[in-house]
Amino acid sequence: MRTLSPRSIAIWTLVALIGAVGWSVLALARGEEVSAAWMVAAALGSYAIGYRFYSKFIAYKVLKVDKTRATPAERLDNAVDFHPTDRRVLLGHHFAAISGAGPLVGPVLAAQMGYLPGTIWIVAGVIFAGAVQDMVVLFFSTRRNGRSLGQMAREEIGPVGGAAALIGVFAIMIILLAVLALVIVNALAESPWGVFSIGMTIPIALFMGFYLRVIRPGRVAEVSLIGIVLLLLALIAGRWVAKSSWADAFTLSKESLVIWIVVYAFIASVLPVWMLLAPRDYLSTFMKLGTIALLFIGVVVAAPMLKMDGVTDFATAGTGPVFAGSLFPFVFITIACGALSGFHSLISSGTTPKMVEKETQVRMIGYGSMLMESSVAVMAIIAACVLDPGLYYAMNSAPTVIGETAQSASEAIRGFGHTITPDQLAKYAEMVEEQSLLSRTGGAPTFAMGVAFIFSEVTGDGMMSFWYHFAIMFEALFILTALDAGTRVGRFMLQDALGNVYKPLKRVSWWPGLIMTSAIVCGLWGYFLWVGVRDPLGGINQLFPLFGISNQLLAAIALTVCTTLLIKSGRLKWAWVTGAPLLWVAAVTLTASWQKVFSDDPRVGFFAQGDVAQEGIDSGKLEGKALDDAHTVVTNTTVDGVLSALFAILVVIVMIDAARVCIKALRNPDSVVSHEEPHTESTYVAPAQLFATKEEKAELAAAGLGSGGGRIPGQRGETAGEESRT
């Protein structure tokens with residue numbers, strides 16, 4: 001690595017000071033309101049330093065990325081799943097694919113503990129754990145022809161740990177996809193604006209895909225401008241449609257939405273990546289990042305004050321009205337994305353490694369995308385904490401906690417140490433054109449309310465309703481892009497697993513196999529979703545409580561695989577890079593799993609909650625629907641408790657078997673069998689970062705290529721025919 005110039009030292013010193021001042025203000029404030037702008041300063045300063053120094057150290061010192069090495073996208077290009085994709089488009093795809101419900105709703109719920117614990121975990125967690133996991137998994141999968149996480153575990157750890165990983169990863173994947181789909185259905189149901197605008201992104205993306213491949217290949221900036229204009233027109237037209245006679249045609253029930261979403265996910269998972277998936281994700285990234293950037297600007301300009309305490313009493317009492325449990329481990333479980341997410345490892349070993357042009361791009365795409373998602377989580381916790389705490393608790397507490405009237409909610413919230421009157425609750429609802437804001441649980445409505453508050457500080461209170469409903473639609477678009485990519489990844493995982501039995505399925509672009517496995521994946525999560533929208537206590541609603549824990553258990557599996565691969569490849573002295581976050585997330589998730597299974601507090605433990613319902617049944621005082629619901633609660637909590645224990649056991653098996661493999665590799669390095677593909681000289685030239693350096697520009701010019709890069713004219717690489725031999 002080159003040494004820094006005096007100018008660079010001065011700039012990075014200033015960045016560090018801005019971040020340090022931001023953290024100091026947030027940490028030292030006691031009993032006083034703090035401007036949210038300090039949270040922005042702390043986060044952005046930390047992100048900049050983490051990316052510039054830590055990610056570069058890992059990429060070039062630990063992983064030793066090699067720009068002369070051909071990637072699977074280059075060697076196995078078949079224009080279906082393997083396809084070299086411009087780094088800018090792929091960055092958009094990867095960011096859109098990993099950014100699901102977690103960074104939007106998790107921080108909102110965790111705000112119950114105060115703004116400080118969640119913010120520290122979001123920023124420190126992403127720099128040292130989440131972004132590291134994403135980049136390292138992407139690197140190792142790229143070196144192995146884009147193998148899925150489960151298959152890498154099977155090959156690198158062995159049949160026992162590998163089988164446990166395959167089962168655990170796939171089961172968790174289905175739960176995560178169904179949860180994402182449920183959030184989308186809830187956001188789009190009876191919303192013609194959202195349905196129209198999001199529906200229009202599909203033909204726009206198809207146009208962009210054909211534009212880049214057929215009409216004007218390589219013209220990324222050109223198609224980006226066209227896409228932005230069309231997207232803005234779709235958003236404007238969506239509001240017009242919602243107020244026109246066409247509104248009924250785009251007002252869909254939850255059941256109808258389930259069918260459309262499952263059909264879309266199936267089609268998106270089997271079409272060539274260049275045609276729909278990549279351009280649609282790239283398109284949605286403009287809206288995602290544009291909205292988040294505007295929020296950052298709004299926070300800096302309006303400088304709203306953080307109304308929530310830095311650390312609340314609920315952080316230690318564990319009796320919060322939003323969710324029960326103490327700060328450790330449940331803040332780190334509730335914020336399931338934005339800091340560290342196992343779901344990301346599936347994308348990093350799914351679609352993205354089959355599309356990356358150069359190994360040197362894994363830093364920008366893997367680490368950089370995760371920092372971008374973390375910034376979303378920071379905005380989410382700001383959105384929650386700038387609200388009146390009374391409104392926050394009114395929106396996020398269940399009816400069993402605050403009652404069903406404004407009066408009962410006001411009295412209950414007074415018991416939490418905050419004051420909000422029934423008239424104030426009614427006024428807030430009127431401002432966003434809602435009948436009521438009570439018990440709008442799940443985090444998404446609170447995020448939308450915070451967004452509306454921040455933007456209205458700049459544009460005026462008259463725009464509150466517009467910004468609120470815009471944010472609801474934004475959340476649905478944000479999550480849908482994770483669903484289509486996740487379904488495709490689920491297909492890869494199932495093909496890898498079944499390919500161990502029937503070899504042709506290993507060829508992930510073999511049409512009979514991809515259609516069959518895509519249908520199975522869509523059918524599995526679609527079934528849980530369908531039952532869930534028809535039964536408030538059934539389907540995915542039954543499994544929803546497992547979302548946070550299962551996602552972080554998946555991260556433990558991913559970091560275990562990464563640590564094993566570092567040790568097996570002779571990088572023992574750098575194993576701490578993934579080993580340290582592995583120990584942390586294992587401690588968090590296994591502690592949380594233990595408490596969810598064995599706690600005798602019915603607000604925390606699954607079986608304890610089931611025991612309460614069973615006591616109600618045994619008392620003979622319940623009848624009708626109340627009795628049926630009690631039986632369902634007993635069933636659901638039993639299933640959740642058993643699955644929570646099972647997932648934890650599978651992770652422990654994976655970790656123990658991985659430790660065995662690592663010890664064996666250290667004792668006898670000659671026994672290590674590498675599943676890394678042999679080095680093949682690359683015929684591609686492309687920049688490593690978003691903007692080309694002087695050296696890269698010279699290299700592109702010498703090869704006769706534009707700023708996007710590509711294959712050196714006159715040279716040909718290996719073709720997709722090799723896929724049949726992988």
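How many aromatic pairs does the structure hold? In this predicted model, the count of aromatic pairs is 29. One of them is formed by Phe57 and Trp576, whose rings are stacked, with a centre-to-centre distance of 6.3 Å and an angle of 20 degrees between the planes. Phe57 belongs to helix α2 and Trp576 to helix α26, which spans residues 576-598, so this pair ties together parts of the protein that are 519 residues apart in sequence.

The protein is divided into two domains: domain 1 comprises residues 33-190, 252-267 and 276-671, and domain 2 comprises residues 688-719. A distance of 36 Å separates the C-alpha centres of domain 1 and domain 2. Contact between them involves 16 residues of domain 1 and 10 residues of domain 2. About 1,100 Å² is buried between domain 1 and domain 2, and carbon and sulfur atoms account for 36% of this area. On the side of domain 1, Arg75, Arg87 and Arg88 contribute 40% of the area buried against domain 2, a share that exceeds that of any other three residues.

A salt bridge is formed by Glu699 and Lys67, with 3.6 Å between the closest N and O atoms. Polar contacts between domain 1 and domain 2 number three residue pairs, counted where both residues have pLDDT of 80 or more. On the side of domain 1 that touches domain 2, the elements that supply two or more residues are α2 (37-62), α3 (72-75), α4 (87-98) and α16 (362-385). Of these, α4 gives the most, with three residues. The composition of this side of domain 1 by class is nine charged, five nonpolar and two polar residues.

The peptide bond that joins Phe328 and Pro329 is cis, with omega at about 10 degrees. Pro329 is located in helix α14, which covers residues 327-334. At Ala79, phi is near 60 degrees, a positive value in a residue other than glycine.

Note on methods. Residues numbered from 1 in each chain as written. Predicted model: local features only at pLDDT ≥ 70, side-chain atom pairs only at ≥ 80, totals over all residues. Heavy atoms only, no water. Domains from an automatic or database assignment. Contact = heavy atoms within 4.5 Å. Buried area = accessible area lost by both parts, 1.4 Å probe. Salt bridge = Lys/Arg side-chain N within 4 Å of Asp/Glu carboxyl O. Polar contact = N/O pair within 3.5 Å; in protein donor to acceptor, adjacent residues only side chain to side chain. Helix = DSSP H or I, 4+ residues; strand = E, 2+ residues; numbered from the N terminus. Nonpolar A, V, L, I, M, F, W, Y, C, P; charged D, E, K, R; others polar. Phe/Tyr/Trp six-rings, centres within 6.5 Å; stacked < 30°, edge-to-face > 60°.
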